[in-house]
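Reader: Here is a model I would like to go through with you. Can we take it strand by strand?

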Amino acid sequence: MQGATGPTGPAGPSGVNGTNGTQSFLLVGGNLGATVQGYNYSTYFNEFLLGNVSSTPPGNSPLYYGPGNGVDAINNSEAVPIDAGTASQLFVQTSSVPGDGESYTFDLLINGNPTPVTCTIGLPPNPALTQCKDPVDTQAYNAGDTIELEGTASCCSNPTNVMWSVVITQTTPVSAPMPLVAKGGAPAVITAPVQ
């Protein structure tokens, strides 16, 4: 036979706070929004990724795609400064296949320079695909570094619009703590709180 349950004891001390988790967000860009406009040569000259600028419609290569809806033939014109973080999981989608024997190559840039984060559409064994990804390589960015995507088309690839994304995992820059100074200019003595 079991006796009556005794009274509940006092609550134990609170546990130690856990560490802050990391914050991630999806950064997207490209020029697929341009497809809703009517075609005209002056507007579209720099918006189609294409290895042959004498084709119809005309295009350009390389092209640079910033975050948001923007594209230009000038490096750094679409680059955007970002907070400290690490870019990973590059994904690129095109509106066209490159064509037989042709390819599109995409490189993530930091301050206008290539990084290990890259992917190519149109190489064997799947030349008919319209997307590529780099799930392995990463690139760290410091606060104020710029980010953009460079797209390069082989001659004579089909003209295409481009959409891209990367996952940005934010990091907090570590800085040295400011020293505490007691009255009179002497360093303050800090003791650990009693647990």
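The questions below go through sheet, core, hairpin and disulfide.

Author: This is a predicted model, in which local features need pLDDT of at least 70, side-chain atom pairs count only at pLDDT 80 or more, and totals for chains, interfaces and linings use all residues. Residues are numbered from 1 along each chain as its sequence is written, and side-chain values use heavy atoms, with hydrogens and water left out.

Reader: How many bridges join strand 6 to strand 11?

Author: Strand 6 covers residues 85-94 and runs antiparallel to strand 11. Ala-87 has Ile-168 as its bridge partner, and Gln-93 has Met-163. The bridges number eight.

Reader: Which residue of strand 11 stands opposite Ser-24?

Author: Strand 1 (residues 24-30) pairs with strand 11 (residues 162-170) in the antiparallel sense. Seven bridges hold that pairing. Opposite Ser-24 stands Thr-169.

Reader: Which residues touch the most other members of the largest nonpolar core?

Author: A nonpolar core is a set of buried Ala, Val, Leu, Ile, Met, Phe, Trp, Tyr and Cys residues joined through side-chain atoms within 4.5 Å. Buried means under 20% relative accessible area, exposed over 50%, partly exposed in between (1.4 Å probe, protein chains only). The largest core has 25 residues, and those touching the most other members are Val-92, Phe-106, Leu-108 and Val-166. Strands that each supply at least two residues of this core include strand 2 (63-65), strand 7 (104-110) and strand 10 (146-153).

Reader: What is the bridge partner of Phe-106 in strand 8?

Author: Strand 7 and strand 8 run antiparallel, joined by six bridges. They form a hairpin with two residues between them, and Asn-111 in the turn has a positive phi of about 50 degrees. The partner of Phe-106 is Cys-119.

Reader: Is Thr-115 buried or exposed?

Author: Thr-115 lies in strand 8. A polar atom of its side chain lies 2.8 Å from the backbone oxygen of Leu-108 and one lies 3.1 Å from the backbone nitrogen of Val-117. Contact means heavy atoms within 4.5 Å; beyond neighbours within four places in sequence, Thr-115 is in contact with residues including Gln-139 and Tyr-141. With a relative accessible area of 9%, Thr-115 is buried.

Reader: How far apart are the sulfur atoms of Cys-119 and Cys-132?

Author: A disulfide is a pair of cysteine sulfur atoms within 2.5 Å. A search of the whole structure finds one. It is formed by Cys-119 and Cys-132, with sulfur atoms 2.1 Å apart.

Reader: Which parts of the chain does the pair link?

Author: The linked parts are distant, with the cysteines 13 residues apart. Cys-119 is buried at 6% relative accessible area, and Cys-132 is buried at 7%. Cys-119 lies in strand 8 and Cys-132 in strand 9.

Reader: Why is the disulfide called right-handed?

Author: The handedness rests on the torsion about the S-S bond of Cys-119 and Cys-132. The disulfide is right-handed because that torsion is about 45 degrees.

Methods. Pairing = 2+ DSSP bridges. Helix = DSSP H or I, 4+ residues; strand = E, 2+ residues; numbered from the N terminus. Polar contact = N/O pair within 3.5 Å; in protein donor to acceptor, adjacent residues only side chain to side chain.
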